[in-house]
Amino acid sequence: MTQTQTGEALAAEGTPVIELRHVDKHFGSLHVLKDINLKVGKGEVVVVIGPSGSGKSTLCRTINRLETIDSGEVLIEGKPLPQEGKELASTRAEIGMVFQSFNLFAHRSIIDNVTMGPVEVLGVSRDKAREEGMELLRRVGVAEQAEKMPAQLSGGQQQRVAIARSLAMHPKAMLFDEPTSALDPEMINEVLDVMVELARGGMTMVVVTHEMGFARRVSDRVVFMADGAIIEEGKPDEFFEHPTTERAREFLDSIKGH
Amino acid sequence: MSATNSTSMRDALYEAPGPHTRRRIRFWTAISLVLVAAGIGLIVRRFYVTGQLAPRYWELFARPTTWIFLGKGFLGTIEVSLMAGLIAIVLGFLLMLGRMSSSRVLSGICRVIINFFRGVPSLLLIYFFFLVVPTYGVKMSSFWMITLPVGLAASGVLAEVFRGGMNAVPKGQSEAAYSLGMRKMKVTMKIVFPQAVRYVIPSLISQLVVVVKDTTVAYVVSFPDMLQNARVLITNYDALVSVYFVVAILYILVNYAINHLAVSLARRSGTSIISRTSENPV
């Protein structure tokens with residue numbers, strides 16, 4: 001177990017945007033999260049990698065309580081994540097989430113998908129939301145598709161709309177749960193490009209991914225998980241060049257190969 | 001749009017026929033046509049033999065009064081069906097919300113109500129409103145004595161139909177809505193239910209057709225619906241088969257109209273565009 005300096009240095013800087021303390025979770029007899037401790041500072045990009053079934057998606061989903069936890073604490077800007085009601089909803093509104101399967105609202109047009117959050121949750125006027133929504137769609141390069149339905153767009157376009165939908169809420173942090181895993185290879189880069197731009201713009205991000213290139217280029221810190229536990233974390237260069245644990249070495253070897 | 005959809009649906013469900021199969025399909029189509037024609041011929045012949053085609057059974061339809069009287073009954077049927085359908089849809093929706101509530105008590109109560117309305121024959125409910133309720137001094141017009149029980153009986157089924165539709169909407173849809181900060185009511189009303197409706201349109205149509213057919217029991221409470229008026233005509237003209245024949249066709253037209261209306265409403269609300277987004281893999 002290596003708690004690296006990055007984590008500690010960061011704690012000194014101020015309150016982390018996202019913090020998990022001794023988080024445990026079981027699915028029946030399966031121990032999916034084992035004593036997870038994680039801090040994500042403002043503007044930091046943390047990439048979570050690991051073999052499938054290691055609990056990385058579950059970890060990501062506990063941060064906005066799409067998954068509940070058995071014990072431990074999830075803190076958002078130093079405050080415990082509310083468990084229900086208006087408080088939970090307004091905390092969720094401050095944290096964007098991008099899913100593997102996009103999850104665009106299938107019965108609404110692209111622009112509606114982007115404006116629904118601001119209009120329904122933040123009470124922004126329809127006109128203002130639309131104006132801002134179009135700007136966001138332009139930013140992710142799908143403005144021409146605004147009036148179409150989600151099913152009429154390619155996977156890469158849908159995922160970019162999903163990112164725009166999250167951005168429309170002006171989130172303090174964004175969670176990406178394997179955002180490119182459901183995409184055809186030629187569409188992965190168009191989504192990653194948007195994410196890189198976000199990271200450069202200073203967005204606080206937790207990214208669960210299999211894209212090692214992205215992890216290397218963009219992340220401030222790599223967290224390696226296996227069997228429900230954080231095995232190792234560190235700066236991307238160090239982690240990829242000199243993994244300290246056997247488990248991480250095995251994993252990196254298994255995905256290199258070609 | 002929907003035409004291409006249904007073609008692709010057929011292609012997805014059935015293998016495209018080859019030359020041999022196409023020949024066999026043609027063969028059986030011909031056989032069926034012959035059988036249907038023979039059946040119709042037989043019925044017409046029996047009508048003729050038993051004298052049902054005699055003018056005295058049919059000339060009543062040449063009189064405007066017959067049609068006005070039937071028309072009044074037709075309007076009665078429409079009124080009762082609309083009100084009963086409205087009760088069924090609104091109450092069914094509310095029962096579904098209650099049934100899906102996270103409160104165990106509310107959910108349990110709604111489950112009991114749903115199963116009660118689903119399990120009890122609508123005729124029994126009609127007798128209840130007709131015979132039992134008045135003994136408690138509640139005065140009710142025959143209109144409500146037919147619409148309430150028929151609506152209640154259908155509401156139980158519709159609650160379960162709606163619930164099935166809600167459960168069929170991929171979980172990712174509500175997760176995305178929750179992650180935007182929407183609360184349960186908003187997620188249900190704005191995201192899940194509108195999509196659930198799309199899944200349940202066929203069952204919804206069947207159930208509304210059942211409502212229309214259930215209203216024919218209106219004679220029990222002597223509400224002048226189409227069938228009740230038909231019975232009056234039958235007594236007056238002593239023309240049983242012909243009147244029932246015409247009335248049956250009118251009922252079929254009403255139910256066909258419901259079908260047509262539901263499908264075109266669904267299409268207009270854009271629900272025929274099927275989503276490509278899939279369920280979250282675990």
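Where is the place of Ser81(B)? Ser81(B) sits in helix 4 (residues 64–99) of chain B, with helices (H or I, at least four residues) and strands (E, at least two) being DSSP runs numbered from the N terminus.

This is a predicted model, in which local features need pLDDT of at least 70, side-chain atom pairs count only at pLDDT 80 or more, and totals for chains, interfaces and linings use all residues. Residues are numbered from 1 along each chain as its sequence is written, chains are lettered from A and ligands numbered from 1 in the order in which they are written, and side-chain values use heavy atoms, leaving out hydrogens and water.

Back to Ser81(B): this residue is buried, at 11% relative accessible area (buried means under 20%, exposed over 50%, partly exposed in between, with a 1.4 Å probe and protein chains only). Its side chain reaches the backbone oxygen of Thr77(B) at 2.6 Å. Leaving aside residues up to four places away in sequence, Ser81(B) touches Val211(B), Val212(B) and Thr215(B) (contact means heavy atoms within 4.5 Å).

Over in chain A, an open sheet of 6 strands runs in the order 6-7-8-3-9-10 with mixed pairing (two strands pair if DSSP finds at least two bridges between them).

Ile49(A) stands opposite Phe224(A) in strand 9 of chain A.

Notes: Polar contact = N/O pair within 3.5 Å; in protein donor to acceptor, adjacent residues only side chain to side chain.
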